[in-house]
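Please have a look at the model below, and then read on.

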Amino acid sequence: MKICLLTYRGNPYCGGQGIYTMHIAGELAKLGHEVHVIQGPPYFPPMDGVHVHYVSNHNYFNNKKNYIKPHKPFAALKPLNFYEFVASKFGVFPEIETFSFRAFYKLKELLKTHKFDIIHDNQSLGYGFLLIKNFGIPFISTIHHPLSIDRTTWFEYPSDFSLKIKRVLYYPLIMQGYIARRMDHIMTVSHDAANEIVKAFGVKPEKMSVVYNGLDSGIFRPISGMRKKENSILFVGNVEDRKKGVIYLLKALTLTKNRVSLTVVDGGSPNRKYVTKWIDNFNLNDRVYFTGKISDEKLIELYSQHQIAVSPSLYEGFGFPAAEAMACGLPLISSDGGALPEVVGKHLETGYIVKSRDSYSIAEAIDFFIDNPHIREKMGRAARKRIIEVFTWRNAALSIVETYKEVIDAYSGL
């Protein structure tokens, strides 16, 4: 098949959408398909067998200053750039919408020399896709989870009226729901996410399929001989994302009978304000450590150096950090938020599952693991075995190809 993937952010360090696109593109190419990727910045690096096509944006939403480029002083006057600039000043996040139009123009150019069998978007769902549908090519999208969940978790915490308005404007829920209902098919990464998409966007269940994400267990693996730090816990994720549940983990540290330390891998977020306030409130400054942005190699070392990983999320459409910890043989304490139980497996066999928003249960689980090293080791081995058997990118790509075939056959029969 000749496949065109769309992703508004390509780099795997920008979040789950980058990880997903890069690995799926690579595995589809290994299976012998011709794969093209239209991606926005930050980009992933060139890949063997994958044809990469770049579209730009000026990131006006995050660039509050210095948004005029000396080498392109009039770039902001171009229609899409101008819209992106103005919308961002009102608190709207326009990147997804403008990418959809830029992807349309790039596709229009590519279709002069290429004929694609299918187009596969990765959770952009912008109004420009209505134009892409006029190309007469089967068009599907992967939705990892509806953004309504992100917005809901923001409103769980105290905030002033202006911040609430900003959050309403920030999430493009009306646009994404409208486009999702008009796609030829929706793919998602867990059964829980599928249910949430039906509720939030009104997508018909018969137009959906579930394909689990994969993980490279050859990269994420235990490092033999690595010494464990005593009473050590690891958290990987964006601490400023309210749905990651970090506040409940921090409170749990004040409730354990064992004094434990927490290492946080959050990419070195420049806007780390929310979590530092709670660290001060709980008097945990001498027990919480931030790594900043690190390489995969360093992250794998940290998984091997720590005794316990914790994923306390209020919701996850899949949960890459949970799967990474398991692949590295690290015993995992996971909330029951969203799809995490689907990833973790059986409670007290391949992981320890607690109720989300329950600091007392997290504290109890931490003490359980600290007091039972033999159970930690046994559960870590079982966790890695589950990841190797169930969650591989090759399995994901094979399932995606089957979905492509079904969608193409249904499209040609219309």
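The lining of the second largest pocket divides into 6 nonpolar, 5 polar and 5 charged residues; here Ala, Val, Leu, Ile, Met, Phe, Trp, Tyr, Cys and Pro count as nonpolar, Asp, Glu, Lys and Arg as charged, and the others, Gly among them, as polar. This is a predicted model, in which local features need pLDDT of at least 70 and side-chain atom pairs count only at pLDDT 80 or more, while totals for chains, interfaces and linings use all residues. Residues are numbered from 1 along each chain as its sequence is written, and side-chain values use heavy atoms, with hydrogens and water left out.

The second largest pocket holds about 330 Å³ of space. Of its 16 lining residues, Lys228, Cys328, Gly329, Pro331 and Glu377 are the closest to its centre. Helix H15 (residues 373–390) gives the largest share of that lining, 5 residues. A pocket is an open set of points on a 1 Å grid over the protein atoms alone, where a 1.4 Å probe fits, with protein on both sides within 12 Å along at least five of seven lines; lining residues have an atom within 4 Å of a point.

Now to two residues that are partly exposed (relative accessible area between the buried limit, under 20%, and the exposed limit, over 50%; 1.4 Å probe, protein chains only).

| Residue | Element | Relative accessible area |
|---|---|---|
| Val86 | helix H2 (residues 79–89) | 31% |
| Phe290 | strand S10 (residues 288–290) | 28% |

Helices (H or I, at least four residues) and strands (E, at least two) are DSSP runs, numbered from the N terminus. Phe290 lies 38 Å from Ser209 in space, C-alpha to C-alpha, and 81 residues from Ser209 in sequence.

Conventions:
Grid points are joined across faces, edges and corners, and a volume is the space filled by probe spheres set on the points.
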